[in-house]
Amino acid sequence: MARPKKNGTYLNVCIETSIYDKLKEICDDAGQTKTTAVERALSAYLEEYEEKQKWLKKLDSEK
């Protein structure tokens with residue numbers, strides 16, 4: 001049975017082969033798709049970025 005279609009947007013990127021090879025190895029070990037791994041990595045990065053921005057704005061407003 002096919003997976004249900006995801007409500008998403010396509011992202012086409014060119015990354016270094018060494019990074020791709022690491023991604024593929026991790027995905028093979030974890031038994032997950034590269035899409036899932038990239039989505040999780042981007043989500044973690046974006047959450048961390050937003051937290052840092054809030055922290056910096058708070059520090060700036062205390063000056």
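The side chains of lysine 54 and glutamate 51 meet in a salt bridge, at 3.9 Å from N to O. A salt bridge here is a side-chain nitrogen of Lys or Arg within 4 Å of a carboxyl oxygen of Asp or Glu. The model is predicted, so local features need pLDDT of at least 70 and side-chain atom pairs count only at pLDDT 80 or more, while totals for chains, interfaces and linings use all residues. Residues are numbered from 1 along each chain as its sequence is written, and side-chain values use heavy atoms, with hydrogens and water left out.

**Salt bridges**

Four salt bridges are found in a search of the whole structure. Three of them are set out below.

| Pair | N to O distance |
|---|---|
| Glutamate 39 and lysine 6 | 2.7 Å |
| Glutamate 48 and lysine 52 | 3.1 Å |
| Lysine 54 and glutamate 51 | 3.9 Å |

Helices (H or I, at least four residues) and strands (E, at least two) are DSSP runs, numbered from the N terminus. Glutamate 39 counts as partly exposed because its relative accessibility is 36%, and lysine 6, at 49%, also counts as partly exposed. The classes are buried under 20% relative accessible area, exposed over 50%, and partly exposed in between (1.4 Å probe, protein chains only).

Glutamate 48 and lysine 52 are four residues apart in helix α2, so about one helical turn separates them. Glutamate 48 has a relative accessible area of 44% and is partly exposed; lysine 52, with 47%, is partly exposed. Lysine 54 and glutamate 51 both lie in helix α2, three residues apart, which is about one turn of the helix. Lysine 54 counts as exposed, at 56% relative accessibility.

**Nonpolar surface patch**

Leu11, Val13, Ile15, Ile19, Tyr20, Val38, Leu42, Tyr45, Leu46 and Tyr49 make a nonpolar surface patch of about 960 Å². Patches are made of residues with over 30% relative accessible area and no salt bridge; like charges are joined within 9 Å, and nonpolar side chains (Val, Leu, Ile, Met, Phe, Trp, Tyr) within 5 Å. Accessible areas come from the Shrake-Rupley method with a 1.4 Å probe, and for residues only the protein chains shown count as cover.

At least two patch residues come from each of α1 (17-30) and α2 (34-61). The largest share, five residues, is from α2. Valine 13 sits in the segment before α1 and counts as exposed, at 53% relative accessibility.

**Largest pocket**

The largest pocket has a volume of about 1,000 Å³. On a 1 Å grid over the protein atoms alone, a pocket is an open set of points with protein on both sides within 12 Å along at least five of seven lines, and lining residues have an atom within 4 Å of a point. Grid points are joined across faces, edges and corners, and the volume is the space filled by probe spheres set on the points.

The lining of the largest pocket has 26 residues, and Lys34, Thr35, Thr36, Val38 and Glu39 lie nearest the centre. The elements that give two or more residues to this lining are α1 and α2. The most comes from α2, with eight residues. By class, the lining has 13 nonpolar, seven polar and six charged residues. Ala, Val, Leu, Ile, Met, Phe, Trp, Tyr, Cys and Pro count as nonpolar, Asp, Glu, Lys and Arg as charged, and the others, Gly among them, as polar.

Key:
On a 1 Å grid over the protein atoms alone, a cavity is a set of points where a 1.4 Å probe fits but cannot get out, and a pocket is an open set with protein on both sides within 12 Å along at least five of seven lines; lining residues have an atom within 4 Å of a point.
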